[in-house]
Amino acid sequence: MTVISATAQSKSFHNFYNSFNGREGYTTIEMSGKMLSMINVDGEGVDSELAKVFNKVKRLMIVVVDHNNDEFTAAINKLINAPEYEMLTSVNNEGVAIKLYAADDQREFLMYVSDPDNSLMLSIYGEKLTMKQLTQFTKIIKVN
């Protein structure tokens with residue numbers, strides 16, 4: 001079983017996030033673990049396994065670019081090529097690329113999703129998560 005511990009977002013990700021926060025053409029989202037834990041499992045149709053994942057997440061940060069551009073691509077490449085990150089897996093299918101990364105100290109999880117028109121970078125941290133739990137969590141952002 002692969003376990004990724006995610007307890008503190010890196011300075012690299014915070015710099016990346018802050019460089020696009022509030023700028024036209026970009027959407028930034030930050031959710032606390034408290035917000036995720038408030039999801040009504042029964043009322044929202046969330047299964048109990050996914051609810052357990054929500055309770056483990058302490059912070060979720062997402063940057064979405066409306067239209068891919070060289071600045072965003074360069075910032076993504078700088079971030080994912082930082083020495084503290086290691087790619088766990090990469091999937092390319094019908095023009096959509098999904099890449100999963102973990103910090104070397106396994107304290108942060110990143111997911112990069114790109115298609116020809118737009119891209120997003122997601123950072124998640126909290127308690128230890130298995131790959132199965134991370135996969136369940138990513139379903140809430142409809143990455144498939």
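1. Glycine 22 comes after helix α1. The phi angle of glycine 22 is positive, near 85 degrees. This angle, like every other value below, is computed from a predicted model.

2. Helix α1 itself spans residues 11-20. Which of its residues are buried? They are Phe13, Phe16, Tyr17 and Phe20. These four cover an arc of only 95 degrees around the axis, so they sit on the same side of α1.

3. What do the buried residues of α1 pack against? The strands among their partners are β2 (26-32), β3 (57-65), β4 (85-93), β6 and β7 (119-126). Helix α4 (70-80) is also a partner.

4. Aromatic pairs come next, and the count is seven. One of them joins phenylalanine 13 and tyrosine 17, with 6.4 Å from centre to centre and 35 degrees between the planes. That geometry makes the pair tilted. Both residues belong to helix α1 and are four residues apart, about one turn of the helix. Phenylalanine 13 and tyrosine 17 are both buried.

5. A further tilted pair is formed by phenylalanine 16 and phenylalanine 72, at 5.7 Å centre to centre and with 50 degrees between the planes. Phenylalanine 16 is in helix α1 and phenylalanine 72 is in helix α4, so this pair ties together parts that lie 56 residues apart in sequence.

6. Phenylalanine 16 has a relative accessible area of 4%, so it counts as buried. Phenylalanine 72 is buried as well, because its relative accessibility is 1%.

7. Ring pairs also build a cluster, made up of Phe13, Phe16, Tyr17, Phe20, Tyr26 and Phe72. Phe13, Phe16, Tyr17 and Phe20 are the buried residues of α1 already named in point 2.

8. The last point concerns glutamate 108. Where is glutamate 108 found? This residue is in the loop between β5 (96-103) and β6 (109-114). With a relative accessible area of 1%, glutamate 108 is buried, because the cut-off for buried is under 20%. What does its side chain contact? The side chain of glutamate 108 makes a polar contact of 2.8 Å with the side chain of tyrosine 85.

Note on methods
Residues numbered from 1 in each chain as written. Predicted model: local features only at pLDDT ≥ 70, side-chain atom pairs only at ≥ 80, totals over all residues. Heavy atoms only, no water. Helix = DSSP H or I, 4+ residues; strand = E, 2+ residues; numbered from the N terminus. Buried < 20%, exposed > 50% of the residue type's maximum accessible area, 1.4 Å probe, protein only. Polar contact = N/O pair within 3.5 Å; in protein donor to acceptor, adjacent residues only side chain to side chain. Arc of directions from axis to C-beta. Contact = heavy atoms within 4.5 Å. Phe/Tyr/Trp six-rings, centres within 6.5 Å; stacked < 30°, edge-to-face > 60°.
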